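Take a moment to turn the model around before reading on.

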Amino acid sequence: MVRFQKVEKMASDSNAFGSLVEYKTFYTSDSGGPHGIHDYDKDGERYNKGYTIARFSKASVSPKENKASSQPYHSHLRRDLFLIGISGKRTMIVEGKKYEIVPGTYIYIGPDEAHKTLDVGKQAWENIEMWRALPKDDERFYEDVPAGFEPGREKGAKASKKRSR
């Protein structure tokens, strides 16, 4: 089967960082739809069976310079994640090292590698995000999770982990 669709004509199915990043899912390995907070529910099908997602992500520039934010530093215990640069520049910290994802580049983030996106709202970018989450793909957080970062997350959620790398 050949599927052809213009990305700009696809409807957004979720967002993050308030409304600064929109997502358009173009592949899921199951009928669960776009990625969401419920993928981590211990009694959920995705958490217990695993899943694969592929989606477009598009970050907008905030009209207010002071509105830029960043993800909390976190990892996914059982996930292989690829980010591919389409336009703009997405700045990330992975395992303490800074990377800039620009058109024509990609980054692979392996299971349990700590990462976060910086300065969302200061730069526009478009990426393709793909990952395979194995069963029981828990997240670990290494900083306070900002209020409003993602529905269902409580302010102040922390996880501690001693890095031996």
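Asp-30, Asp-39 and Arg-46 are joined in a network of salt bridges. The term salt bridge here means a side-chain nitrogen of Lys or Arg within 4 Å of a carboxyl oxygen of Asp or Glu. By this rule the count comes to 9 salt bridges. Before we look at others, keep in mind that this is a predicted model, where local features need pLDDT of at least 70 and side-chain atom pairs count only at pLDDT 80 or more, while totals for chains, interfaces and linings use all residues. Residues are numbered from 1 along each chain as its sequence is written, and side-chain values use heavy atoms, with hydrogens and water left out.

Now for the overall layout. The protein has 1 helix and 11 strands, taken from DSSP runs (helices are H or I, at least four residues; strands are E, at least two) and numbered from the N terminus. Of the 165 residues in the protein, 38% are buried. Buried means under 20% relative accessible area, exposed means over 50%, and partly exposed is in between (1.4 Å probe, protein chains only).

Back to the salt bridges. Asp-138 pairs with Lys-42, and their closest N and O atoms are 2.4 Å apart. Asp-138 sits in the loop between β10 and β11 (139–141) and Lys-42 in the loop between β2 and α1 (45–49), so this pair ties together parts that are 96 residues apart in sequence. Asp-138 is partly exposed at 21% relative accessibility, whereas Lys-42 is exposed, at 51%.

Next, find Asp-137, whose side chain meets that of Arg-79 in a salt bridge (2.8 Å, N to O). Asp-137 is in the loop between β10 and β11 and Arg-79 in strand β5 (residues 79–88), so the pair ties together parts that are 58 residues apart in sequence. Asp-137 counts as buried, with 5% relative accessibility, and Arg-79 is buried too, at 4%.

You'll find Met-130 in strand β10 (residues 125–133), where Met-130 is partly exposed, with a relative accessible area of 30%.

Last stop: which residues line the second largest pocket? The lining consists of Val-7, Glu-8, Glu-22, Lys-24, Phe-56, Ser-57, Lys-58, Ile-86, Glu-126 and Asn-127. Two or more residues each come from β2 (21–28), β3 (51–59) and β10, and β3 gives the largest share, 3 residues. A pocket, on a 1 Å grid over the protein atoms alone, is an open set of points where a 1.4 Å probe fits, with protein on both sides within 12 Å along at least five of seven lines; lining residues have an atom within 4 Å of a point.
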